[in-house]
Amino acid sequence: MSRLTRSAAWIALQDHVSNLRGTTLRQLFADDSSRYPRMTLEAGPLFLDYSKNLITAETLSLLNALAVQQGLPEAIEAMFGGSPINRSEHRAALHVALRQGDDAQPLWVEGQEVRSAVANVLQRMETFVNQVRSGAWRGYDHRAITDVVNIGIGGSDLGPAAVMSALRADTERLNIHYVSNVDGAHLSWTLRDLNPATTLFVIASKTFTTQETLLNAHSARTWFLQQAQDEIHVARHFVALSTNASEVQRFGIDTANMFEFWDWVGGRYSLWSAIGLSVALGIGMDKFRALLAGAHAMDEHFHQAPLTHNMPVLMGLIGIWHINFMGAQTQAILPYDQGLERLVAHFQQLSMESTGKSVTQDGEAVDYATGAIVWGGAGTNGQHAYYQLLHQGTFLIPADFILPLASRTPLGEHHRLLSANLLAQGEALMRGKTRDEVSVELKAQGMAADQREALLPHKVFPGSRPCNTLLLPRVDPFTVGALVALYEHRTFVQGTVWGINPFDQWGVELGKQLARTIVDELAHDGPTHHDSSTMGLIDRVRQATSSPHKPDVRSAP
């Protein structure tokens with residue numbers, strides 16, 4: 001057994017879960033009229049109802065003891081203080097410093113004063129953003145920029161793209177596009193209707209060596225030069241978010257238009273840095289600063305609130321309860337707002353890349369589940385797709401419902417029906433429907449007894465399916481900033497309790513290493529040295545790419 005699973009706090013929770021067997025959420029609500037007010041919480045602009053989880057006051061007390069045992073209060077202080085908590089890479093994880101405002105106290109990390117460095121980059125971003133948005137920044141033929149294409153992948157794409165999708169109503173004049181997939185279709189389809197003379201490319205790569213990003217960037221450069229002709233024009237249409245000045249310059253980008261960030265900014269936590277330049281171009285610098293301010297409000301709550309009244313802590317610990325003690329393997333994120341749908345992919349990366357680890361910070365193999373498979377989509381679409389599994393499937397799937405109270409696009413009764421659906425889904429998951437209730441319902445419909453008996457088991461809902469409900473006053477930069485920071489800190493809480501490093505991602509490296517070898521092998525005939533399956537697949541791909549016009553041959557039945 002690991003140190004965690006043989007600890008007193010862990011064993012106490014294992015004993016506690018056995019005591020809850022047979023308890024239903026219906027029963028917990030019936031027995032405690034104060035359950036809802038006791039299990040709700042406000043933080044910044046967000047309101048959380050966590051009462052529809054199969055937990056009691058004792059559960060929360062035991063989870064709090066686990067967090068204290070695992071050093072969560074100390075870990076929070078270490079993160080905000082700039083300590084190298086990313087131990088495998090010997091770095092701080094100081095994304096909170098990117099959004100602390102101009103009046104924050106100085107903070108030194110590895111000999112650099114962080115606050116002034118952040119403020120300097122933000123000021124450079126503001127100057128550039130104002131130039132582009134005002135039309136003062138002109139393309140090679142002196143026309144103003146109309147379209148911005150952000151080329152990145154992972155954290156250099158998902159966070160900014162999600163936030164830009166959420167705040168699309170706040171964009172003015174500029175059209176913002178995102179390209180990440182190395183599939184040529186992604187870039188080709190994006191550029192199909194754009195004009196090179198009025199398009200600005202933002203190349204987002206810390207090292208400026210990321211294979212997929214650089215291939216897309218060079219293809220975009222070729223597309224641009226087909227019309228612009230002279231390479232001198234690249235400097236007016238390409239900017240870089242990077243720290244590798246020599247590679248940026250070699251590409252043809254003026255290093256005066258290179259916006260830096262730092263080793264202590266992890267990719268999936270980087271949208272608050274220069275990586276968010278595309279967002280700032282889309283919504284303007286004032287609203288980008290409001291996005292930072294919303295995240296900072298959640299930072300302050302996370303840093304200062306006691307664990308028992310701390311929104312990211314409670315959400316993180318309840319997630320641990322579901323994963324480690326209730327047997328859940330997935331987490332559904334269900335925003336009832338079309339613009340928030342892309343946040344699901346960002347939260348997926350935040351969680352799965354951060355907590356998908358099988359060894360602790362000390363290199364000890366874990367003997368407990370870490371992480372969860374995060375998935376979801378916009379309501380009400382999901383209700384007609386995968387909610388069936390949530391309600392009557394054999395898996396326990398905790399869900400986070402997210403609802404803005406005010407619609408940004410009021411249209412008749414649309415938002416009222418949207419809100420009603422979210423509230424109904426949460427109640428249905430909690431309550432379920434018993435055999436007796438189904439029987440009474442079918443009898444009232446005049447159904448014969450034998451027909452009722454046959455249909456009855458299909459209409460029973462077990463209930464006691466857990467969910468959180470997050471209410472937002474509206475979708476705006478401040479609120480979106482707070483929401484994203486909430487999920488960042490929730491992830492940090494879980495990583496800390498599990499004793500894993502939520503800031504590295506070594507698991508993505510092996511595939512990259514092998515791809516560098518295979519891409520050369522696909523381009524040339526010759527022997528390969530892999531397993532028989534991979535060698536056979538390489539051979540078939542070689543044959544297909546060397547004979548592109550060969551008829552498709554399919555096996556006859």
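## Aromatic rings and their neighbours

Phe238 has 0% relative accessibility, so Phe238 counts as buried (buried means under 20% relative accessible area, exposed over 50%, partly exposed in between, with a 1.4 Å probe and protein chains only). Phe224 is also at 0% and therefore buried. Keep in mind that this is a predicted model, where local features need pLDDT of at least 70, side-chain atom pairs count only at pLDDT 80 or more, and totals for chains, interfaces and linings use all residues. Residues are numbered from 1 along each chain as its sequence is written, and side-chain values use heavy atoms, with hydrogens and water left out.

Rings of Phe, Tyr and Trp (its six-membered ring) pair if their centres lie within 6.5 Å; planes under 30 degrees apart count as stacked, over 60 as edge-to-face and the rest as tilted. That rule gives 20 aromatic pairs. Two of them go in the table.

| Pair | Centre distance | Plane angle | Type |
|---|---|---|---|
| Phe128 and Trp137 | 5.0 Å | 75 degrees | edge-to-face |
| Phe224 and Phe238 | 5.9 Å | 75 degrees | edge-to-face |

Phe224 sits in helix α9 (residues 211-228) and Phe238 in strand β8 (residues 238-241), so their pair ties together parts 14 residues apart in sequence. Helices (H or I, at least four residues) and strands (E, at least two) are DSSP runs, numbered from the N terminus. As for the other pair, Phe128 and Trp137 are both buried.

Phe224 and Phe238 also belong to one aromatic cluster, along with Tyr140, Phe201, Phe208, Trp223 and Phe251. Over the ring of Phe251 sits the charged end of Arg221, 5.5 Å from the centre.

Definitions and conventions. Lys NZ or Arg CZ within 6 Å of the ring centre and 35° of its normal.
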